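Dear colleague,

I am passing on the structure below, together with notes on what was found in it. Please read the notes with the model open beside them.

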Amino acid sequence: MSALEAVRRRQSWSKVTPEAPTREQLLPLIAAAGRVADHSSLRPWRLIELRGEDRERLGSAIAQATGDSSPSSKPLRASLLIAVVASYRRSDKVPRWEQEAVASGVAHVLSLLLDEAGWGVIWRTGGYTRTAAVARAHGLGPDEELLGWLYVGGKPGKEPGRRTPVDAEALLSRMPAERADDDGAAAQDPGESDTCGKKAKKKAKHKAKKAAEKARRRAEKRKKAEKAERRLRKAEKRS
């Protein structure tokens, strides 16, 4: 199977069977995933495998982070969870956001390789992903952040629904024409009509509105997680 075909066939499996790859089966896939573009070859990432009781400990940590009285059952949805950790390195050339992009790239490529190998995978996150309780459970250092978990298992007989195909034509554009005025507005291409300009502005406004709404929801989730974390710290001090 070609790389193009493997990417085209990839999909997220929200439900998987109890089977899972062994550590020996994972190692060559992780080695291959580590070939992603990595500025200065810092390798600012590491992975943690969670199996058996590890998942129960994560469920307890999530409960602490969210203020729930009982452990979360979410980590039990797959026999194997692979925690993706951005492990930042000191560098004058490579900023933290670029190092996090490398860690994300490793996770994505690994999910592709696991899918090609016949395993069902889904990348899960949550507002509690970067809370102190969850970080402690994973043994993260001061210069590390959790990016989520790859839930891995066998593929059930029923395939998940297909995602809407990407409109590549709409997402691939050319660099805008050089600005002809000094008021900060982009110069309009001579062959572009005013109507096209209005449509583009309307589309951009709609996208900005959706992005703002998503940011607002993420901020609300983050505030809830932080509030739960503060309650946990107070409880720990009292005890």
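Which residues of α4 are buried? They are Q99, V102, A103, V106, A107, L110, S111, L112, L114 and D115, where buried stands for under 20% relative accessible area, exposed for over 50% and partly exposed for what lies in between, with a 1.4 Å probe and protein chains only.

Before going further, please note that this is a predicted model, in which local features need pLDDT of at least 70 and side-chain atom pairs count only at pLDDT 80 or more, while totals for chains, interfaces and linings use all residues. Residues are numbered from 1 along each chain as its sequence is written, and side-chain values use heavy atoms, with hydrogens and water left out.

The overall layout

Read from the N terminus, the order of elements is α-α-β-α-β-α-β-α-β-α-α. Of the 239 residues in the protein chain, 30% are buried. Among contacts (heavy atoms within 4.5 Å) with a separation of 6 or more, 80% are between residues 24 or more positions apart. The protein chain exposes about 16500 Å², of which carbon and sulfur atoms supply 51%; accessible areas come from the Shrake-Rupley method with a 1.4 Å probe, and for residues only the protein chains shown count as cover.

The sheet

The four strands form an open sheet in the order β1-β2-β4-β3, with antiparallel pairing, two strands being paired if DSSP finds at least two bridges between them. β1 and β3 stand at the edges with a single partner strand each, so one side of each has no neighbour in the sheet. From one strand to the next, the twist averages 25°; axes here are lines fitted to C-alpha atoms, for helices over the stretch in contact, and angles run from 0 to 180 degrees between N-to-C directions.

Although β3 is an edge strand, five of its six residues are buried, so β3 is largely enclosed by the rest of the structure. Six bridges join β3 to β4, and the two run antiparallel; within this pairing, G120 has G153 as its bridge partner, and V121 has V152. G154, also found in β4, is buried at 7% relative accessibility. Leaving aside neighbours within four places in sequence, G154 is in contact with V16, T17, E19, W119 and G120, and its C-alpha atom is 7.5 Å from that of G118, 36 residues away along the chain.

The helices on the sheet

α4 (residues 96-116) has 21 residues, and at 1.5 Å a residue it should span 30 Å, which agrees with the 30 Å between its end C-alpha atoms; the expected span is 1.5 Å times one less than the number of residues. α4 lies across β1, β2, β3 and β4, running at about 5° to β4. Its buried residues pack against α1 (3-9), α2 (23-33), β1 (45-51), β2 (80-87), β3 (119-124) and β4 (144-154). Just after α4, G118 takes a positive phi of about 105°. α3, for its part, lies across β1, β2 and β4 and runs at about 105° to β1.

Two loop residues

S72 sits in the loop between α3 (53-66) and β2, and is buried, with a relative accessible area of 18%. Its side chain reaches the backbone nitrogen of K74 at 3.2 Å, and, neighbours within four places in sequence aside, S72 is in contact with G59, I62 and A63.

R89 lies in the loop between β2 and α4 and is partly exposed, with a relative accessible area of 36%. A polar contact of 3.4 Å joins its side chain to that of S87; such a contact is a pair of N or O atoms within 3.5 Å, where within protein one must be able to donate a hydrogen and the other to accept it, and residues adjacent in sequence count only if both atoms are side-chain atoms. With neighbours within four places in sequence left aside, R89 is in contact with L42, R43, P44, W45 and Q99. The C-alpha atoms of R89 and E144, 55 residues apart along the chain, are separated by 9.3 Å.

With best regards
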